[in-house]
Amino acid sequence: MAKVFAIANQKGGVGKTTTCINLAASLVATKRRVLLIDLDPQGNATMGSGVDKQALEHSIYDVLIGECSLVDAMQFSEHGGYQLLPANRDLTAAEVALLEMKMKESRLRYALAPIRENYDYILIDCPPSLSMLTVNALVAADGVIIPMQCEYYALEGLSDLVNTIQRIGKLLNPTLKIEGLLRTMYDPRISLTNDVSAQLKEHFGDQLYQTVIPRNVRLAEAPSFGMPALVYDKQSRGAIAYLALAGELVRRQRANAATVTA
Ligand SMILES: Nc1ncnc2c1ncn2[C@@H]1O[C@H](COP(=O)(O)OP(=O)(O)OP(=O)(O)O)[C@@H](O)[C@H]1O
Ligand SMILES: [Mg+2]
């Protein structure tokens with residue numbers, strides 16, 4: 001049964017999409033079956049997976065409003081090796097369309113239910129907002145992965161996100177948890193990076209991934225070729241860091257499973 005992770009942070013440009021694409025490809029490299037869901041009208045995860053967002057017959061929007069089945073909207077990312085539920089600007093209409101629907105917060109959760117057993121991991125790329133789309137992701141997820149840059153304002157926005165996660169947990173998804181905080185575009189030469197890192201460690205303890213993602217130009221270049229860094233330049237520091245993250249994530253999963261059965 002797949003673990004479903006929402007990659008969320010309402011702050012823009014922190015590395016959500018980069019994390020989705022490269023973590024998905026790295027999990028595939030470790031022989032996991034992966035589905036990536038683009039839940040952002042910007043369609044960046046779609047393009048970065050090598051699928052043309054302008055040429056979609058069906059998208060996640062159609063799935064959310066019940067116009068087509070999830071399987072009919074699914075595409076394969078050739079370079080990434082994972083399945084993709086693509087998105088484009090059509091998804092901006094979802095916000096309003098969902099308002100009129102029953103169980104509007106749970107549409108994605110129900111759409112995923114019949115296919116969860118076909119995957120090991122389902123990753124959801126959230127938009128940079130705490131909108132109804134993000135709420136759908138949080139209701140569908142087992143855990144939230146929060147990518148963040150180690151800057152001063154990063155911590156400020158984090159408390160809003162943590163409050164939202166707690167509220168959704170209380171009202172709609174009692175097993176939801178913060179799976180991990182991921183430091184992206186990491187540069188240890190900047191002293192603020194170390195200060196923020198220390199604060200994160202203090203507040204979040206083991207929830208902070210040990211793996212950090214360095215600032216690496218290959219990670220920024222790869223999406224324009226529709227590739228993960230692992231295919232674009234597998235020796236790059238970015239590609240290696242995301243492989244390490246996949247390893248850490250899988251090990252955590254195993255450790256959690258062991259505590260549950262013990
Ligand atoms: N580790 C990194 N090193 C260098 N560039 C990066 C790194 N991570 C992300 N980038 C670049 O930073 C920009 C923002 O990253 P990304 O699109 O992943 O963020 P996002 O959180 O998904 O943004 P949005 O909130 O708009 O969806 C992109 O141009 C991306 O290529
Ligand atoms: Mg994005």
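I count two strands as paired if DSSP finds at least two bridges between them. Helices (H or I, at least four residues) and strands (E, at least two) are DSSP runs, numbered from the N terminus.

**Setting up.** I am working with a predicted model, where local features need pLDDT of at least 70, side-chain atom pairs count only at pLDDT 80 or more, and totals for chains, interfaces and linings use all residues. Residues are numbered from 1 along each chain as its sequence is written, chains are lettered from A and ligands numbered from 1 in the order in which they are written, and side-chain values use heavy atoms, with hydrogens and water left out.

I looked up the strand order and found an open sheet of eight strands, 3-4-2-5-1-6-7-8, with mixed pairing. Strand 3 (75-76) and strand 8 (208-214) are the edge strands, each pairing on one side only. Strands 3 and 4 run antiparallel and are joined by two bridges; Gln75 has Leu84 in strand 4 as its bridge partner.

Helix 1 packs on it and touches strand 1 (3-7), strand 2, strand 5, strand 6 and strand 7. For directions, I use axes that are lines fitted to C-alpha atoms, for helices over the stretch in contact, with angles running from 0 to 180 degrees between N-to-C directions. The direction of helix 1 makes about 165° with that of strand 5. Helix 7 also packs on the sheet, touching strand 1, strand 5 and strand 6, and its direction makes about 150° with that of strand 1.

**Entry 2, strand 2.** I followed this strand to both of its neighbours. Strand 2 (residues 34-38) is joined to strand 4 (residues 83-85) by three bridges, and the two run parallel; here Leu36 stands opposite Leu84. With strand 5 (residues 121-125), strand 2 pairs in the parallel sense over five bridges, and Leu35 stands opposite Ile122.

Next I checked burial (buried is under 20% relative accessible area, exposed over 50%, partly exposed in between, with a 1.4 Å probe and protein chains only). Five of the five residues of strand 2 are buried. Val34, Leu36 and Asp38 are covered on one side, Leu35 and Ile37 on the other.

The axes of helix 1 (residues 16-29) and helix 12 (residues 237-261) are 8 Å apart, at an angle of about 70°. That makes the two helices roughly perpendicular, a label I keep for 65 to 115 degrees, with under 35 roughly parallel, over 145 roughly antiparallel and the rest oblique. Among the residues that meet are Leu23 and Leu27 from helix 1 and Leu245 and Leu249 from helix 12.

I looked at its partner, helix 9 (residues 191-204): the axes come within 9 Å of helix 8 (residues 152-171) and cross at roughly 25°. The two helices are therefore roughly parallel.

The buried residues of helix 8 include Leu158, Leu161, Ile165 and Ile168. Their cover includes helix 7 (132-140), strand 6 (143-149), strand 7 (177-186) and helix 9.

Last, I checked one residue of helix 6 (residues 107-112), Ala111. Ala111 is buried, with a relative accessible area of 18%. Not counting residues up to four places away in sequence, Ala111 touches Val63 and Leu70. Val63 is 48 residues away in sequence, yet 7.3 Å away in space, C-alpha to C-alpha.

Terms used:
Contact = heavy atoms within 4.5 Å.
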